[in-house]
Amino acid sequence: MTKPLANRIALVTGASRGIGYATARALAKAGAHIVAVARTQGGLEELDDEIRKDGGSATLVPLNLTDSDGIARLGAGLHERYGKLDILIGNAGVLGPSSPIGHIELKAFNDVMALNVSANFQLIRCMEPLLKQSDAGRAVFITSGAANKATAYVSPYAASKAALETLARAWAQETANTKLRVNLFNPGPIRTRMRATLMPGEDPATLDTPEQVAEFIVPMCAPEWTETGKFYDYKTRSLMSFRAPA
């Protein structure tokens, strides 16, 4: 049976666990070769084992995404090896401190912005030329409802996701007349380590799994996907357009 993403190269950040891990596996099952990026070597090796069991293939890249030079080297390596990139999943992120704004140290705020925003900015800079070499480059960034709700006590996280959304939307506009499509995906409350950290008293069995979410991300990576600059809301299973405040 022909796999819909056969011969496509997919870069997934934060691939060692959670939504990144599940999305990497789902993309591999659909035929893509996975370039899996994460800080955790053990998690990457476990992912590689599972992808191989499923009949897929992966390249493991242990990398802290706050290393901007490392991202640049990764882009150069992908160019040398493949000459293109078909899919970019910007999933890696950190929750940061859960406190009133006045109690948060500047370094803690900057650490959240460094991974959630600046790393994705560098990924865009370094991967755009490769994505434009694809016949159907697709980029999906994982966001959060905290961005538009301005959720109290997680202000660095909320601010970083709002910045990420604006960055992705601007990129979508800049590339609207190319074959590259850029979109955002909001999973909502999902059974992940980040969610357990934020809501320790919550019963995880009441939440959907990363594997369920990944099944909705995969179609956004396919050549047949034509929307750009949009926001997919997993909870309502709907694709939304951004609009100015009423």
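Me: In which loop is Ala150 found?

Reply: This is a predicted model, where local features need pLDDT of at least 70, side-chain atom pairs count only at pLDDT 80 or more, and totals for chains, interfaces and linings use all residues. Residues are numbered from 1 along each chain as its sequence is written, and side-chain values use heavy atoms, leaving out hydrogens and water. Helices (H or I, at least four residues) and strands (E, at least two) are DSSP runs numbered from the N terminus. On that basis, Ala150 sits in the loop between α5 (146-149) and α6 (155-174).

Me: What is the phi of Ala150?

Reply: Most residues other than glycine have a negative phi. Ala150 is not a glycine, yet its phi is positive, at about 50 degrees.

Me: Is Tyr153 buried or exposed?

Reply: Tyr153 is placed in the loop between α5 and α6, and has a positive phi of about 70 degrees. Buried means under 20% relative accessible area, exposed over 50%, partly exposed in between (1.4 Å probe, protein chains only). With a relative accessible area of 54%, Tyr153 is exposed.

Me: Within what arc do the buried residues of α8 fall?

Reply: The buried residues of α8 (210-217) are Pro210, Val213, Ala214 and Ile217. They line one face of the helix, because, seen down its axis (using directions from the axis to the C-beta atoms), they fall within an arc of 105 degrees.

Me: What do the buried residues of α8 pack against?

Reply: Contact here means heavy atoms within 4.5 Å. The partners of these buried α8 residues are α1, β4, β5 and β6 (181-186).
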